[in-house]
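Here is a briefing on one protein model. Look at the sequence and the structure first, then read the points below.

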Amino acid sequence: MYRTRMFAVLGLAFCLTPSSLQADPLPNTQLLTAEGDLAAKMVDGMHKYLDRENAASVGNRKALWKTDFTTPDAYAKSVAPNRERLKHILGVVDRRSTPRLEYVGGTGSPSALVAETPRFKAYTVRWSVLPGVDGEGLLLEPTTAPVYTVVAIPDAGQTPEQIAGLAPGVPPEARFARRFAENGVRVVIPVLIDRQFNLIPRTNQPHREFVHRMAYEMGRTLLGYEVQKVLALVDWFLQLKSPSPVGVFGYGEGGRVALYAGAIDTRITATGVSGAFGPREKIDLEPIYHNVWALLTEFGDGDLLHLIVPRAAVIEAVPFEAAAGPPSAQGRGGAAPGRTQAAPPEAVKAEMDRVLNPLVANWKGDRRPMLFFAPPAEQQPVRGPGLPETVKRFLELLTSAEKPIVLAPVDGDVVADTRPEGFQSVRHKRQFEQLVAFTQKLWRDSDATRKTYFAKADASSPTAWEKSTESYRDYFHSEVIGKLPEPTGPLNPRTRQVYDEKTWTGHEVMLDVYPDVFAYGILLLPKDLKPGEKRPVVVCQHGLEGTPRHTIDPEKYPIYAEFSKKLVEQGYIVYAPQNPYYGENTFRQLQRKANPLKLSLFSFIIRQHQRTLDWLETLPNVDPKRIGFYGLSYGGKTAVRVPAVEKRYCLSICSGDFNEWIGKNVSVDLDRSYMWTREYEMYEFDLGNTFNYAEMAYLIAPRPFMVERGHDDGVGTDEMVSYEFAKVRYLYANRLKIADRTEIEYQAGGHRIFGKGSYAFLAKHLKWTPK
């Protein structure tokens, strides 16, 4: 039975009875009545918020398009900033190599000529793209002088040979590259990275996801790499002595590459997209390698037509469907969920009309048409792409033909390929390994890149440092984490008591953040608080799949070592927040919904913590200048991100997470890299070029910062952690002359709270003598 006790809390004395344990709220709060799994409800509320924002993004994009229709030149100038932003978020930022295309033979097939028909010859080719990265594929050279040139981009599940009719696997009517070649077009067909996983150990991530993960962290995307391969071909075509008009035409995954390439490069005369155009607001359900940071804030598929006009485009609405990759098999797992499915013709047409109708109404001057094609209902099912009428009109637009083009009939026979069996897998392996190696070098070079990025920070004094890093703090919040609007509604605090221990009580707290989005946690209050007394607060953050109770309850969760409970027993006021990394892929899909809106999971976490601090500062016994942060694991991730933005945290302790974080995400040589695991939400766009953990700690400086490290903690190695912390130590000790404000503690053991040096660090910097 509970004993009746008289005690003072928050400067007010009141009587706690058995019946009031879970019934009476704290002063100035309403009773919390919500029941059930509040962590799951928190995640669900964030999904609702993002669903609304996704739907609203279509109308909101208009604010970023400052189109000037007075003249074609004025229009081109007005959309140039949009084009540059598209290049940035796709990662089309690297200078391409000098244009070079080579005919390639091999030991089994010494001639580059691998097939021949009465209308074209097929050659094996490769071309320079980026340092160490080539494109590879087929060149189909017509037997007559070519009048125009097309880059024909297959789906990722197809090979160049299949759409050229040199290999089985694609029905004759879907061999669109061959249809071009047999009608006098010079065609180059690039290899795309496929959806299999045979080149990757330990995981069922498709090759496309594997490259995309590491690229995303380094400010690139797989789609961006493949756009670069297409644009490198455009570079080569246009430096020929007598260049012909260049078009791009793609299907499925290749259709997305074609659409982005056509939007980025104004040298492309006509863009053809088949089975890949439509509303993009459900991009979170697509494969993760379609994830593009901030895409939906500015660029739905229809909006990309702004960047193609006055050039021509042909949109073909044919069926297409593909899983992101193979299912989990042979003990493998870790791939992100997702599936690509072409929008129905009516949705494709509506997405085009959404942009084209007002664009055409306002356009002044000449422009080429943008056309929509869908097979008649009586022709369903269609095994397109490249329907005859689509190809015909595409070529007419490419050449501005005054007379209709009459297409030659396509030969349905498969042409014999002279290369030895297995060449396609060897070629694909080369393409895959080149992109991996290029991205790994970006990571290895990123330390110097970040050093250059931070060069403007002034370390002449702690005050100068804090002032000069404000622009970095804003960039980190706005461009890396993603900034949600400031909450403007009332906090509406609701509380209920859930603990009554010998020296402290515990109270669940819920605060409003946005509609459907709330902050939740447990406040632990010492029973010896006196009216008017001000005490420090420690915010104790749980890790992955955790709850506030994990940091409090004895023995059940040993990695936390009851650190919330132990700290309140030392006399601190303690707050244990619920963070939304809870529910496995249910919360991970928050990241998928958020990223295209230029948001992330931590966009919500930062606002939740800010609202929590707003409320804590109202409590009579809280000293608002002595609120520290201490988090383990995912809570350690929070410890370097939230205090980097929210300066009201006067110190931060990162436990079980501090790392050479970019390598942890990108390295393919590190056995504990996230490249091998299910945590696909870890990747943050362009983080590698801006903020590793040292740079996040730079934003905490000159406030005290500590790292707690177990020698056997599998999140990293001592070498990685020490390397990264040495940069923090150098700033604090050597440049800012505040060596006493940072430290690292190593302990024997693994992934856990140790509560030794960290407790002393709290006592020192929060100016508190533990009871």
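Which strands does helix α21 lie across? This helix, residues 757-765, lies across β19, β21, β22, β23 and β24 in the predicted model. Helix α21 runs at about 175 degrees to β22 (651-655).

**Sheet**
- The sheet is open and has 10 strands with mixed pairing.
- Its strand order is β3-β16-β17-β18-β20-β19-β21-β22-β23-β24.
- At the edges are β3 (30-31) and β24 (742-747), each pairing on one side only.
- Helix α16 (601-616) also packs on the sheet, with contacts to β16, β17, β18, β19, β20 and β21.
- The direction of α16 makes about 125 degrees with that of β17 (504-514).
- Strands β19 (535-541) and β20 (573-577) pair in the parallel sense over 3 bridges.
- V538 stands opposite V574 in β20.

**Nonpolar cores**
- The largest nonpolar core has 198 residues.
- Residues with the most contacts inside this core are L86, L523, L567, F658, F705 and L762.
- Helix α6 (222-238) gives the most to the core, with 11 residues.
- Another core, of 38 residues, lies apart from the largest one and includes F120, L140, L166 and I189.
- F705 touches residues including V640, F658, I700, Y732 and F761.
- Among the other contacts of F705 are R741, T742 and E743.

**T221**
- T221 sits in the loop between α5 (207-217) and α6.
- T221 counts as buried because its relative accessibility is 1%, and the cut-off is under 20%.
- A polar atom of the T221 side chain lies 2.7 Å from the backbone oxygen of L90.
- T221 also touches I89, G91, H212 and N291, among others.

Terms used. Residues numbered from 1 in each chain as written. Predicted model: local features only at pLDDT ≥ 70, side-chain atom pairs only at ≥ 80, totals over all residues. Heavy atoms only, no water. Core = buried A, V, L, I, M, F, W, Y, C linked by side-chain atoms within 4.5 Å. Buried < 20%, exposed > 50% of the residue type's maximum accessible area, 1.4 Å probe, protein only. Helix = DSSP H or I, 4+ residues; strand = E, 2+ residues; numbered from the N terminus. Contact = heavy atoms within 4.5 Å. Polar contact = N/O pair within 3.5 Å; in protein donor to acceptor, adjacent residues only side chain to side chain. Pairing = 2+ DSSP bridges. Axes fitted to C-alpha atoms, helices over the stretch in contact; angles between N-to-C directions. Lists of a residue's contacts leave out its neighbours within four places in sequence.
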